[in-house]
Amino acid sequence: MQFGIFTVGDIAPDPVTGYTQSEAERISNVVRVAQRADEVGLDVFALGEHHNPPFVPSSPTTLLAHIAALTERIILSTSVTLMTTNDPVKIAEDYAMLQHVAKGRLDLMVGRGNTVPVYPWFGKDIRQGVALALENYNLLHRLWREDVVDWEGTFRTPLQGFTSTPRPLDDVPPFVWHGSIRTPEIAEQAAYYGNGYFANHILAPNLHFKPLVDFYRARFEHYGHGTKEQAIVGLGGQAFIARRSQDAVNTFRPYFEEYPVFRGSSLDDYMTRTPLSVGSPQEVIDKILTFQEGFGDYQRQLFALDGMGLPVEMALEQVELLGTEVVPVLRKEMAGRRAPGVPDAPIHSTRVTEKYGPAEPRQPRPNPNRGDNLSGASPYQDSDPSVEAHFPSAV
């Protein structure tokens, strides 16, 4: 079972002091939070992708590469990579490069996001959002697994004789989670490929996303990847922790109730009706254990801890409490309740072993160039000789 944190990199005024972080401060503080997560033994740090204020993570690969250089063991991920408005060719290249830089400590969560204006900003039509997400991931899946790709679709120019470089580390692509809270087509796609499915279990009522998770599990089994209990599921969560329950509620109340998304809501009501977990370490533990009871055994639990204008020192304290007081107990309790045969979340080392066994992993070595491209029809010295790259002809 993996536990970690995710951030959307939002900026908001501190409702207690009135202070608003600059973009430079927020970026620096995201890095500090990720480092602390690594130090206290959390498994995952995930970063969102946004292209509008008040959010700063417009280039997740840049920021995650920097974090990779400053951390030791934590898995780096995205809490969404926009599969709709990004070019899948660029995603394939950028995240394969990041996978190398991070020495395999990388996976990817793809989704549509929830920012409506982003579509026209990148020349896309939101009415085609689901179709874009499906087609673009289908292409990304191939680009990471085939040395040479010929492809034609609806939403981008065709590819002829194309090789995405660099190839994934050890020729094993990053594991992919499909994030969705409203779209069965995305859950279906995750199940079809045997990928993970992530339901960001915040904002909505308790267990609101269980029907989608159950649908994904059933389709995972249908496609022969294992039983529905063996499907790879991740959940989001939102928490605020203090040693004493009332201190947690009193401290967090202004940050919650003054935040634009929740303004007009009652913290107490929200704590009761939704997965939001506010209280002592034991109260947060008890709330998260209800997720396992409701959704079944799952592989990844991520928490949002650093948003809503929280000062960075408070966010760092939240990471500390999560990693030292909450997660160790959750690991033990959830492991004790776990059914036999439920797999762990895939990581790079286990996927390499699954593909190669005791053999050495593939390390692709390119053939030389002729000035502008390959000197021959095969991109790598060990490429399947029956697969040749036929490049477009000049006209």
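1. Ala, Val, Leu, Ile, Met, Phe, Trp, Tyr, Cys and Pro count here as nonpolar, Asp, Glu, Lys and Arg as charged, and the others, Gly among them, as polar. On that basis the lining of the second largest pocket divides into eleven nonpolar, seven polar and four charged residues.

2. The model is predicted: local features need pLDDT of at least 70, side-chain atom pairs count only at pLDDT 80 or more, and totals for chains, interfaces and linings use all residues. Residues are numbered from 1 along each chain as its sequence is written, and side-chain values use heavy atoms, with hydrogens and water left out.

3. A pocket is an open set of points on a 1 Å grid over the protein atoms alone, where a 1.4 Å probe fits, with protein on both sides within 12 Å along at least five of seven lines; lining residues have an atom within 4 Å of a point. The second largest pocket holds about 420 Å³, a volume being the space filled by probe spheres set on the points, which are joined across faces, edges and corners. Of its 22 lining residues, Phe175, Gly194, Pro346, Arg351 and Glu354 lie nearest the centre.

4. The search finds 27 salt bridges, each a side-chain nitrogen of Lys or Arg within 4 Å of a carboxyl oxygen of Asp or Glu. One of them joins aspartate 107 and arginine 300 at 2.7 Å, N to O. Aspartate 107 is buried at 2% relative accessible area, and arginine 300 is buried at 0% (buried: under 20%, 1.4 Å probe, protein chains only).

5. Asp147, Arg167, Asp171, Lys355, Arg362 and Asp382 are linked in a salt-bridge network.

Conventions
Buried means under 20% relative accessible area, exposed over 50%, partly exposed in between (1.4 Å probe, protein chains only).
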